[in-house]
Amino acid sequence: NIINAAFRIAVPLFIMLSGFLLLDLLKDFDFKTFYKKRFLRIGFPLIFWLVIFFIWQYFLGYPTTAVSIINRILSVNLEHLYFLFIILELYFITPLFLVFMKNTTPVSHRNMTLIAIFFTLSLSAINVFFPKARVLTNKNILTIFIPYISYYLSGRVFANIHWIVRNSFYLLLIYSGLVLFTAFASNGASGLTSLFCSS
């Protein structure tokens, strides 16, 4: 469970790196070129792996009718492939972020990131403390990316921070402490590990 908790950082870290690279205000961009490049890199692989996934599901004996396939896609009940939908949707709204960021100050970028983080933490708090009012953004294809916006924007904000070795060491200690807390607080339940780590 400790290993599980330690490597849960992989998806948020990848999304932060994507924000670091794509929300570059010094690069010129136009919507058409941006979407074309992203679809070629993510859209085709997503379609390919969805086909492989449902063929595999068929051989495992799971329902593979048109209705069941559409239902699984819309509810993002696709095992590890959920990640590709998150990336594709974040890429889809990236030009909107770029337009905002190119016309505002770094302080506004930081404030927008803080608002996104607060929003994500609020969603997690509702899910933990008010189970009957749970907001299940991860169960809908149109909302699955929302909690990850804060990671995406953070990647760009952190790009402007100059790190020193001492700060990196402190962050490593904090990360190690959080990994141990998550592993023990979830008591071996992978579902709870996901919940703690998403917070």
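What is the handedness of the crossing of α5 and α7? The crossing of α5 and α7 is right-handed, and the views below place it in its setting.

This is a predicted model in which local features need pLDDT of at least 70 and side-chain atom pairs count only at pLDDT 80 or more, whereas totals for chains, interfaces and linings use all residues. Residues are numbered from 1 along each chain as its sequence is written, and side-chain values use heavy atoms, with hydrogens and water left out.

**Figure 1. Overview of the chain.** The chain holds nine helices and zero strands (DSSP runs numbered from the N terminus, with helices being H or I of at least four residues and strands being E of at least two). Its pattern along the sequence is α-α-α-α-α-α-α-α-α. The C-alpha trace spans about 55 × 45 × 30 Å along its principal axes.

**Figure 2. Close-up of α5 against α7.** Helices α5 and α7 pack at an angle of about 50°, and their axes are 12 Å apart (axes are lines fitted to C-alpha atoms, for helices over the stretch in contact, and angles run from 0 to 180 degrees between N-to-C directions). The two helices are therefore oblique to each other (angles under 35 degrees count as roughly parallel, over 145 as roughly antiparallel, 65 to 115 as roughly perpendicular and the rest as oblique). From α5, Leu-90, Tyr-91, Ile-93, Thr-94, Phe-97 and Met-101 make the contact with Ile-149, Tyr-152, Leu-153 and Arg-156 of α7 (contact means heavy atoms within 4.5 Å). By class, this contact of α5 with α7 comprises eight nonpolar, one polar and one charged residues (Ala, Val, Leu, Ile, Met, Phe, Trp, Tyr, Cys and Pro count as nonpolar, Asp, Glu, Lys and Arg as charged, and the others, Gly among them, as polar).

**Figure 3. Close-up of α2 against α7.** Helix α2 (residues 10–22) packs on helix α7 (residues 149–159) at an angle of about 55°, with axes 7 Å apart. These helices are therefore oblique to each other, and their crossing is right-handed. Residues of α2 in the contact include Pro-12, Ile-15, Met-16 and Phe-20; among their counterparts in α7 are Tyr-151, Tyr-152, Arg-156 and Phe-158. The contact of α2 with α7 has nine nonpolar, four polar and one charged residues.

**Figure 4. Close-up of α2 against α5.** Helix α2 and helix α5 (residues 82–102) pack at an angle of about 25°, their axes lying 11 Å apart. The pair is therefore roughly parallel, with a right-handed crossing. Val-11, Phe-14, Ile-15, Ser-18 and Leu-22 of α2 meet residues of α5 that include Phe-83, Ile-86, Ile-87 and Leu-98. The contact of α2 with α5 has 11 nonpolar, two polar and no charged residues.

**Figure 5. Close-up of the second largest pocket.** About 250 Å³ of space lies in this pocket (on a 1 Å grid over the protein atoms alone, a pocket is an open set of points where a 1.4 Å probe fits, with protein on both sides within 12 Å along at least five of seven lines; lining residues have an atom within 4 Å of a point). Of its 13 lining residues, Leu-22, Lys-27, Phe-29, Phe-34 and Arg-38 are the closest to the centre. Helix α3 (31–60) gives the most to the lining, with five residues. The lining divides into five nonpolar, one polar and seven charged residues.

Conventions. A crossing is left-handed if the near helix is turned anticlockwise from the far one by less than a right angle, and right-handed if clockwise. Grid points are joined across faces, edges and corners, and a volume is the space filled by probe spheres set on the points.
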